[in-house]
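User: Could you show me how to read a few features of a fold? I would like the general idea, then the case at hand.

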Amino acid sequence: MDLHIPSCFSAFHCLAGNCPHTCCADWEVPIDSDTAAEYATLPGPLGVQLRRALRQDEEGVLCFPLKGRFCPFLDEDGLCRIQKELGESHTGLICRTHPRFFNDYGPLREAGLCASCPEAARLVLAEDLTLLAQSTPEIPAEEAPPLLAPLLAARETALRLLRRRSLPLERRLELLLLFSNELQLLLDNGAPEAVQALCALYEETPPESLPPLRPGCGGADCCLTLLMEQEHLRQDWTDLLSEAAHRLSAGTLPAQGPPERLAERAAVYFLYRHWLRAVWDGDALSWGEFVVFATASVCLLSASQDGGGSFPDLLRRFCLETEHSAGNLDLLQDAFCTRFSIGDFLSVIGAIPPLSGRSGTAD
């Protein structure tokens, strides 16, 4: 099996008790079957407490239900009692791997860091994405899905579009959106062999061929409406969205967005993490639209905060509320397919506040 790893992957180290936003809060902690089997025979008081705490959720998954907002084994010092007494290897699989993610696509596994973690978000935004390719012969390779090769090629083109720094980021997002739309037409017509030609065409697209942007409140309202429709994990996220909607209705749209390079790196993060979902569902357009929607939303919310807000923190909060919820991702994908046109997404791009620190340099 081949493995793709971002260059920042190995740099991650959990901040533990120094983390400003512990991952041991606000969601039940799932416990895998191997760890549950270990806990079933663990001697001593801690073993008794672990067995008492284990419950099945509504879907039959073993977990530790929250005590208040927190995992029942999170101590007052912000450290895990299980890890302190037994070691990290005795915690559940999700606790040992978070915020790392692993996605398998037949013979390819891709790893990364979830930006819902403060330290992971910092690393994601600290440098341009560089993928390191490795071979893992100890993991048996499965047959390649039919769409894997064309979508990998298309993602390389999409990545180069996002990094065409001779253009403002809004124009690059437009190119990504239009490219995703034409790619979807090829997939719908059963012509993945034509993807390479489409990639070559878009990598040569001159800026003057782009239509004018459609600025205004419509795109901002679209972003906030969809975010408000999601299931929210934290009340402060709901409050933030409500405040942004109030400012929008009052006509006090932000005048200055975050640094362009940070917004670009966020877009690249969303592209890397989500684009290849289309290998399984064939919906490249929706995942291209997700990159546009997510980037625009984080830019808008960051800029709408007093003092400009903190872009890394708004990225973290968006990812926490959206990326870890299959229901919220399904809601967005359904809305993209049934309620919004390409023109709507062009309006979403137009709602991005003017970004600071434009490089204006060609690739």
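Analyst: Happy to! Buried means under 20% relative accessible area, exposed means over 50%, and partly exposed lies in between, with a 1.4 Å probe and protein chains only. Of the 363 residues of the protein chain here, 49% count as buried. This is a predicted model, where local features need pLDDT of at least 70 and side-chain atom pairs pLDDT 80 or more, while totals for chains, interfaces and linings use all residues. Residues are numbered from 1 along each chain as its sequence is written, and side-chain values use heavy atoms, without hydrogens and water.

User: At what angle do helix α6 and helix α11 pack?

Analyst: Two packed helices are described by the angle between their axes and the distance between the axes. Axes are lines fitted to C-alpha atoms, for helices over the stretch in contact, and angles run from 0 to 180 degrees between N-to-C directions. Helices are DSSP runs of H or I with at least four residues, numbered from the N terminus. Helix α6 (residues 148-162) and helix α11 (residues 260-274) pack at about 170°, with axes 10 Å apart. Angles over 145 degrees count as roughly antiparallel, so α6 and α11 are roughly antiparallel to each other.

User: How many disulfides does a search of the whole structure find?

Analyst: A disulfide is a pair of cysteine sulfur atoms within 2.5 Å. The search finds 0. For cysteine 23, the nearest cysteine sulfur belongs to cysteine 24, 4.4 Å away. Cysteine 23 is partly exposed, at 36% relative accessible area. For cysteine 63, the nearest is that of cysteine 71, 10 Å away; cysteine 63 is buried, at 3%.

How values were computed. Helices (H or I, at least four residues) and strands (E, at least two) are DSSP runs, numbered from the N terminus. Angles under 35 degrees count as roughly parallel, over 145 as roughly antiparallel, 65 to 115 as roughly perpendicular and the rest as oblique.
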